[in-house]
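Please look over the sequence and the 3D structure below before reading the briefing that follows.

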Amino acid sequence: MKILLLVSAFNGLTQRAWCALRQAGHDVTVELAPVYETPEELTAKVYASAPEIILCPFLKHKVPEDVWRKWPTIIIHPGPIGDRGPSSLDYAIMEGNRQWGVTALSAVDEMDAGPVWASRIFPMPSEPIAKATLYNSAVADAAMSCIEEVIEKAADPQFAPIPQEEMPQPVPHVGTRPLIRRAERVFDWENSAVEIVRRIRAADSSPGVRTSIDGQTVHVYDAAVGERRGRRVPPGTIVGRGDDAIAVATGDNLVWIGAVRRPTDCGGDGIKLPATMIFNDPSIPELPVPEGLRQTSYVREGDVGFLTIRTYNGAMSTAQCARIASSLKEALNQDTKALVVTGTPAFFSNGVHLNVIEAAEDPSAEAWDNIHAINELCSALVSCTDQLTISAFSANAGAGGVMFGLSADVVLARDGVVLNPYYDIGLYGSELHTFTLPRRVSPPTATKLLTEKLPVNTDQAATIGLVDAVGPREWNEFREWLSRMANAYVSPQRYDETMATKLQVMDNTRPASYYEAHELSEMAKDIFDNRSGFDASRADFVYKRPARQTPPQIAQHRWRLSGLS
Ligand code: COA
């Protein structure tokens with residue numbers, strides 16, 4: 001089927017849909033709606049593309065009437081049947097709904113009011129979850145399932161979508177809800193920590209909640225409840241710091257904040273940064289960070305160590321890499337046989353921290369330090385001779401974050417994860433990728449991945465050898481599978497054979513520093529001489545400037561050429 005994905009951005013869900021539809025043999029093209037200044041321009045583009053069906057997995061723009069009248073145009077709405085409006089997930093989290101859903105409905109004049117093609121319901125986590133995490137997990141899974149059903153139904157000439165009024169509403173009390181205004185998100189530091197965290201998570205990663213800390217107006221993100229220690233202090237006071245986060249007193253407890261965005265002097269959006277970069281008073285005492293925000297945690301299960309890395313948005317600054325490196329080295333020094341390095345259900349890694357680089361007084365110097373710091377993590381894994389190293393992509397990863405995962409001997413992934421194994425920001429790239437990527441997928445496929453700059457899903461990744469095995473999507477099942485896999489690798493005979501082969505291969509391989517030296521010589525030109533437009537690409541990314549065109553590699557019908565399906 002000839003499918004057009006009409007979207008506001010080629011975001012994680014759209015990438016996942018794009019991969020799955022191509023894999024199923026469909027002819028898929030993408031159009032970014034924000035590229036077009038008028039509905040007429042967008043309509044002309046859709047006519048030129050002449051699809052059989054239009055899917056909108058992530059569309060904030062209105063579909064022009066000429067388009068939805070001519071083609072079946074299906075909106076994937078992140079809410080159950082009967083729910084309408086642009087702030088569905090925000091309300092669901094803020095109001096503590098026990099279940100939520102996704103509905104595939106025809107585009108019509110009124111937003112989210114069209115007849116229904118498919119819908120799914122899922123339980124909401126008992127703890128409030130960050131909106132972006134909910135979107136990339138339960139919502140994305142339900143959306144993928146709806147998309148599959150829509151494509152089946154679209155092939156059936158007898159099928160007609162069902163008007164919403166004729167369908168039962170599985171989630172009670174839903175209806176048309178307006179955009180949540182800033183004032184409705186506001187909290188008071190006198191409120192309970194649980195309530196404040198719920199409000200922040202309902203707005204995380206965008207737009208955040210505006211508040212005042214230490215006399216500064218900021219938007220806050222990445223929140224967790226913490227235990228108050230010692231005497232009561234006025235709510236709103238910063239009482240501690242740890243990793244990148246600060247602890248702020250509330251009416252009853254503490255709220256830890258991992259990331260903040262300060263408006264610019266002229267009132268525009270500033271850059272979202274680790275909280276301790278904005279609130280950097282060295283006299284703030286160090287406190288233990290609550291588990292949900294801790295950047296690394298290590299557990300040992302017999303012969304296997306598990307190191308979980310957690311960075312907000314998967315971005316790893318110089319300081320974060322240094323903290324992770326110290327935990328990684330400690331984990332590698334244990335007398336375990338294997339070390340598993342993994343991420344959280346929300347993030348694995350997206351490489352160096354572009355926001356921190358952009359905000360630095362000397363961005364080139366910061367980028368250079370950051371590359372060295374992330375390379376140290378990769379080198380520690382690549383050069384480890386005492387243990388078998390296993391990485392597990394627990395969530396999506398991009399650029400240097402993928403390459404970091406490839407530094408391990410064995411690479412595993414959680415089903416549904418999307419990997420972007422290339423650099424697209426004006427950087428040649430480092431993270432030892434010139435060694436690890438061709439080692440895994442062969443030099444021609446490595447070149448193809450790096451130059452085509454396309455996402456791959458876990459099936460495709462397993463087919464080309466980018467990952468060794470794919471485990472269940474459901475989080476607890478994935479953790480159990482990971483543990484079983486790691487334990488199978490350390491079973492006596494398999495372990496001895498695997499380690500013997502590993503050491504033999506290492507003996508015949510150039511040292512990691514050989515590859516790093518080559519990569520850094522290229523990176524120096526990108527970082528200090530701005531050879532490939534890193535400065536402008538980075539600013540566009542950090543300030544979220546809309547794309548000027550749909551990237552040609554996704555706008556064209558190229559799937560047959562890619563050889564990755
Ligand atoms: N540094 C800082 N922030 C990053 C980041 C990075 N390396 N990678 C992702 N983010 C942030 C985004 O700004 C966004 O922030 P917000 O939602 O808080 O505003 C959030 O993470 C989610 O990223 P987004 O781009 O919306 O997700 P996606 O699923 O659409 O795309 C990627 C995933 C990996 C393709 C995309 O994030 C990307 O290209 N990241 C940059 C990778 C890179 O070039 N790294 C540097 C070289 S190693």
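Arginine 473 and aspartate 141 form a salt bridge, with their closest N and O atoms 2.9 Å apart; the term stands for a side-chain nitrogen of Lys or Arg within 4 Å of a carboxyl oxygen of Asp or Glu. This is a predicted model, in which local features need pLDDT of at least 70 and side-chain atom pairs count only at pLDDT 80 or more, while totals for chains, interfaces and linings use all residues. Residues are numbered from 1 along each chain as its sequence is written, and side-chain values use heavy atoms, with hydrogens and water left out.

- Arginine 473 lies in the loop between β21 (469-471) and α16 (475-489) and aspartate 141 in helix α5 (residues 131-154), so the pair ties together parts that are 332 residues apart in sequence; helices (H or I, at least four residues) and strands (E, at least two) are DSSP runs, numbered from the N terminus.
- By the salt-bridge rule, the count comes to 24.
- Lysine 62 forms a salt bridge with aspartate 109, the closest N and O atoms being 3.4 Å apart.
- Lysine 62 lies in the loop between β3 (53-56) and α3 (65-70), and aspartate 109 in the loop between β5 (99-106) and β6 (116-123), so this pair links parts 47 residues apart in sequence.

**Sheet**

- Three strands form an open sheet with mixed pairing, in the order β17-β19-β20, where two strands pair if DSSP finds at least two bridges between them.
- The edge strands, each pairing on one side only, are β17 (397-398) and β20 (456-457).
- Alanine 397 has leucine 419 in β19 as its bridge partner.
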